[in-house]
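Please keep the sequence and the structure open while reading.

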Amino acid sequence: MVEYDLIVIGGGSGGLTAASGAASMGAKVALIDDQPGLGGDCLHFGCVPSKAFITAAKEVHAVYKGAAEFGLTVSGDVLFERAIERVKEAIDEIQEIDSDERFESLGVDIYRGKGAFKDEHTITIDGENPIKGKRIVISTGSRPNVPPINGVENVSFITNETIFNLDYLPKSVVFIGGGPVGLELAQSLSRFGSDVTVIETSQSVFKKEDHEIIPIVTKALEKELTFVFEADVTGISEQNGHKVVTYKVNGEEKTIESGAIMMSTGRKPNTDKLNLEAAGVNENKGYITVNESLQTNKSHIYAIGDVNGAFPFTHGAGMEGKLIVQNAVFGLKRKVNYDNVPWVTYTEPEVFHLGLTEQEAKEKHGEEIRVFKVGTDDVDRFIAERKKDGLVKVITDKKGHILGAHAVGEDSGSWMQEIVFAKEHGHKIGDISTVIHPYPTKGAILNQAADMYWREKLFDGWLPKVSEKYIKWVR
């Protein structure tokens with residue numbers, strides 16, 4: 001039996017980071033993956049294909065929007081298959097970077113198949129070929145959650161893993177669930193020409209965002225999508241070639257027909273085939289329980305990425321993968337911290353999230369927090385581009401330390417990165433005021449938020465009184 005210093009199960013972002021990092025440090029590493037190519041969900045079904053899809057839809061939308069504004073005529077049908085081709089081209093190009101050959105050249109042994117525990121140190125591949133590891137990292141990701149809706153087993157539907165296999169554009173699509181990934185895809189399909197309805201059990205979407213961000217992005221999306229809130233889907237069926245969704249809202253049962261159904265009802269961890277019982281690893285509803293050092297109850301077994309349920313984003317898994325190299329390979333006890341890790345929802349407008357919302361900050365720090373808000377209608381670049389329906393909101397403690405930062409606006413995921421650096425390195429919001437931004441740029445909106453901090457600190461305090469006397473008697 002081959003023995004390794006580290007066995008990594010799962011070739012997604014976290015697993016690849018851990019495997020390559022450990023191998024580069026001289027560890028003997030095995031990587032087990034059951035997909036045709038490395039890269040995990042992000043490359044094949046998630047971040048990469050969805051962003052290629054979103055960009056193609058945005059370009060189509062810009063054509064029609066520009067034509068309507070400037071009196072031009074657009075004719076012809078959208079070549080939806082070209083959008084799918086662009087998705088696949090993006091995957092293929094990045095797959096070359098995540099090739100087996102590259103990781104093998106780093107010293108990683110790659111095994112193809114499903115990894116499962118035989119005991120707490122032994123892993124089998126497709127039930128055979130056992131290998132042994134001093135330490136083991138579980139990084140098997142997640143998959144779409146399909147709820148037990150009446151009729152679901154008899155009706156075909158799409159998920160984020162199958163949508164990019166469509167060879168036609170459905171005339172209409174019903175999204176069951178209004179999560180962030182679903183909304184990105186819903187808006188894109190609408191822009192290609194589908195009539196899209198989103199059925200959501202809650203009373204709003206973007207529930208994890210700050211309360212002042214939610215209405216702005218919802219209002220923008222309502223121009224392109226139809227929302228049905230506080231509705232419970234009770235059944236789906238297929239009648240006369242159409243998909244039929246039955247749901248209840250306000251106690252009344254309704255139906256809607258569509259050309260396709262999209263399941264956007266969250267995700268579930270890929271842990272059911274790992275045989276965790278054989279290793280004695282604890283889990284909760286499929287998610288592997290870990291401590292702050294990403295260790296399971298078996299100290300030599302770690303879990304990163306979606307399977308631990310802590311921070312289900314690709315960049316979060318990559319960060320955890322780096323931490324694993326330090327902890328699993330060198331025996332350190334570094335603790336993971338998500339306080340300075342942002343996320344972005346790539347709808348249009350984009351939604352940026354870092355740290356605490358205002359409500360969370362009040363619950364944690366009391367009423368002495370400070371909130372600085374700037375609308376995009378107060379920033380020259382946004383005004384010039386007619387992108388005025390946006391907002392930046394920065395929450396600090398009373399001394400100006402950044403607790404959270406939120407934004408809704410075109411490309412906010414790009415021009416808000418400055419505040420990620422500031423928060424990570426302990427800068428106060430006022431420090432951004434001294435950064436010179438070229439005029440006119442969108443990032444200047446953070447300058448204005450920082451200027452508000454100084455106006456409040458300097459001009460509403462004792463300084464104006466002292467300076468007034470100084471000017472009067474000395475100057």
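This is a predicted model: local features need pLDDT of at least 70, side-chain atom pairs count only at pLDDT 80 or more; totals for chains, interfaces and linings use all residues.

## The antiparallel sheet

In strand β23, G404 is the bridge partner of I395. Strand β22 (residues 391–396) and strand β23 (residues 402–409) run antiparallel and are joined by six bridges.

Both strands belong to an open sheet of five strands with antiparallel pairing, in the order β19-β20-β23-β22-β21. The edges are taken by β19 (343–345) and β21 (370–375); each has a single partner strand, so one side of each has no neighbour in the sheet. On average, neighbouring strands here are turned by 10° against each other, direction ignored.

## The parallel sheet

A second open sheet has four strands, ordered β10-β9-β8-β14, and its pairing is parallel. Its edge strands, β10 (226–228) and β14 (260–263), each pair on one side only.

On the residue level, F175 stands opposite M262 in β14.

## Strand β6 and its partners

Strand β6 (residues 128–138) is joined to strand β1 (residues 3–9) by six bridges, and the two run parallel. The bridge partner of V8 in β6 is V137. A parallel pairing also links β6 to strand β18 (residues 301–303), here over three bridges. In that pairing I138 has A303 in β18 as its bridge partner.

Strand β5 (residues 122–125) runs antiparallel to β6, and three bridges join the two. I125 has its bridge partner in β6 at E128. Two residues lie between β5 and β6 in the hairpin that they form, and D126 in the turn has a positive phi of about 55°.

## The α3–α4 helix pair

Two packed helices are described by the angle between their axes and the distance between the axes. For α3 and helix α4 (residues 80–97), the axes come within 9 Å and cross at roughly 145°. The crossing of α3 past α4 is right-handed.

From α3, the residues V48, P49, A52, F53, T55, A56 and E59 take part in the contact; from α4, they meet F80, A83, I84, R86, V87, A90, I91 and I94. By class, this contact is made up of twelve nonpolar residues, one polar and two charged.

## The largest cavity

How many cavities of 30 Å³ or more are counted? The count comes to one. The largest cavity holds about 50 Å³ of space.

Its lining consists of I54, A57, K58, E184, Q187, S188, R191, Y346, T347 and E348. The elements that contribute two or more residues to this lining are α3 and α6. The largest share, four residues, comes from α6. Sorted by class, the lining has three nonpolar, three polar and four charged residues.

## The second largest pocket

The second largest pocket has a volume of about 670 Å³. It is lined by 25 residues, of which K65, K223, E348, P349 and K387 are the closest to its centre. Two or more lining residues come from each of α3 (47–70), α6 (180–192) and α7 (214–221). Which element gives the most to this lining? The answer is α3, with seven residues.

The pocket lining divides into 13 charged, six polar and six nonpolar residues. E348 is in the lining of this pocket and also in that of the largest cavity. Helix α3 likewise gives residues to the pocket lining and to the cavity lining, besides its contact with α4.

Technical notes. Residues are numbered from 1 along each chain as its sequence is written. Side-chain values use heavy atoms; hydrogens and water are left out. On a 1 Å grid over the protein atoms alone, a cavity is a set of points where a 1.4 Å probe fits but cannot get out, and a pocket is an open set with protein on both sides within 12 Å along at least five of seven lines; lining residues have an atom within 4 Å of a point. Grid points are joined across faces, edges and corners, and a volume is the space filled by probe spheres set on the points. Ala, Val, Leu, Ile, Met, Phe, Trp, Tyr, Cys and Pro count as nonpolar, Asp, Glu, Lys and Arg as charged, and the others, Gly among them, as polar. Two strands pair if DSSP finds at least two bridges between them. Axes are lines fitted to C-alpha atoms, for helices over the stretch in contact, and angles run from 0 to 180 degrees between N-to-C directions. A crossing is left-handed if the near helix is turned anticlockwise from the far one by less than a right angle, and right-handed if clockwise. Contact means heavy atoms within 4.5 Å.
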